[in-house]
Amino acid sequence: MNFIDINGHKLEILHQGTGKPAILILSGMGSPFYEWEEITSALAENYQIIMYHRPGLGKSEYTTAKKSTENVTKEIMQILKKLNITEPILLIGHSYGGLCAQHFSKVYPDKIRGLLLLDSTSVDLYKLDRLDLPYLNENDSDAAWIEKCKEYAALSSIELLGQLAPVLTESQKKLPQKTQEKLIAFYTNPSLYRTMIQEISNWEKDAEIIKSLPVKDAFPVTIIGRDKKKSISDHVESGIPKDEAALLEETWHQLIIEQQDYYKDAKLLFALHTGHDFYSDQPQLIINEIKALIHQRRSY
């Protein structure tokens, strides 16, 4: 199955395997599920795997509906109903997808068998905006990203290809040629940037809403963060001042640690020698932690 109809609009979906439990993975903001191929293929041998592109991403239709974690929660419920999945799922969220996963887990805790947060955006993400980061605030703040996205959203796919000249990461270059072509098409789709404008504009308010919801978890939770030292090194290499990179990563690291406080008996670990997209660099780590979660039992 490549597409699923939700509210009269088609969403691009990856649906592999038939085993139990069902595993639903939410990718990050502006991130395609195509690059999860190694993880999804390995897991589909024994479990049912689901990933989808939110409206406006990939080949999913762009809609005028509000781009929020609340609406992602509604989409997940509709997808599960369409696929006739009634038993609790293992829910995985990376980055912004982790914020969406936190929202779903609070609204529908009975639908969760286990929760895996991968370098997830924090419900306290506002703390990042309060940091004294002159260079980053000018070049990489929410406001700066929104302006970039507005510029890109006004271009055609051909114009985006010429202006962005997307360069795949070393991990992405190891993927099959057809997958690499899908990645380029994903990054040069103007609707990607229209969608990101709204997701970025809404995510702090979304985080406030999620934080205000009561915690009713009776499911195991694992939280994995990125390597702070490696991330600082990567930032400095990209031109970010070292003091700003260190302050940003120290704060992000602390926010990951604090996520453990929101879930009873949550397991916390950090992926060593890798940055934000460690699902691509260390897929076996993710696979191992997913299997470990599956073998834990819900508490009632």
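Guide: Welcome! This is a predicted model, in which local features need pLDDT of at least 70, side-chain atom pairs count only at pLDDT 80 or more, and totals for chains, interfaces and linings use all residues. Residues are numbered from 1 along each chain as its sequence is written, and side-chain values use heavy atoms, with hydrogens and water left out.

Visitor: Which residues of β3 point which way?

Guide: Ala22, Leu24 and Leu26 point one way, Ile23 and Ile25 the other. In a regular strand, side chains alternate between the two faces of the sheet.

Visitor: Why is β3 said to pair with β4 and β5?

Guide: Pairing takes at least two DSSP bridges between two strands. Four bridges join β3 to β4 (residues 48-52), and four join β3 to β5 (residues 89-94), so both count as pairs, and both are parallel. Ile23 stands opposite Ile49 in β4 and opposite Leu90 in β5.

Visitor: What does Ile23 touch?

Guide: Contact means heavy atoms within 4.5 Å. Not counting residues up to four places away in sequence, the partners of Ile23 include Leu43, Tyr47, Ile290 and Ile294.

Notes: Buried means under 20% relative accessible area, exposed over 50%, partly exposed in between (1.4 Å probe, protein chains only). Helices (H or I, at least four residues) and strands (E, at least two) are DSSP runs, numbered from the N terminus.
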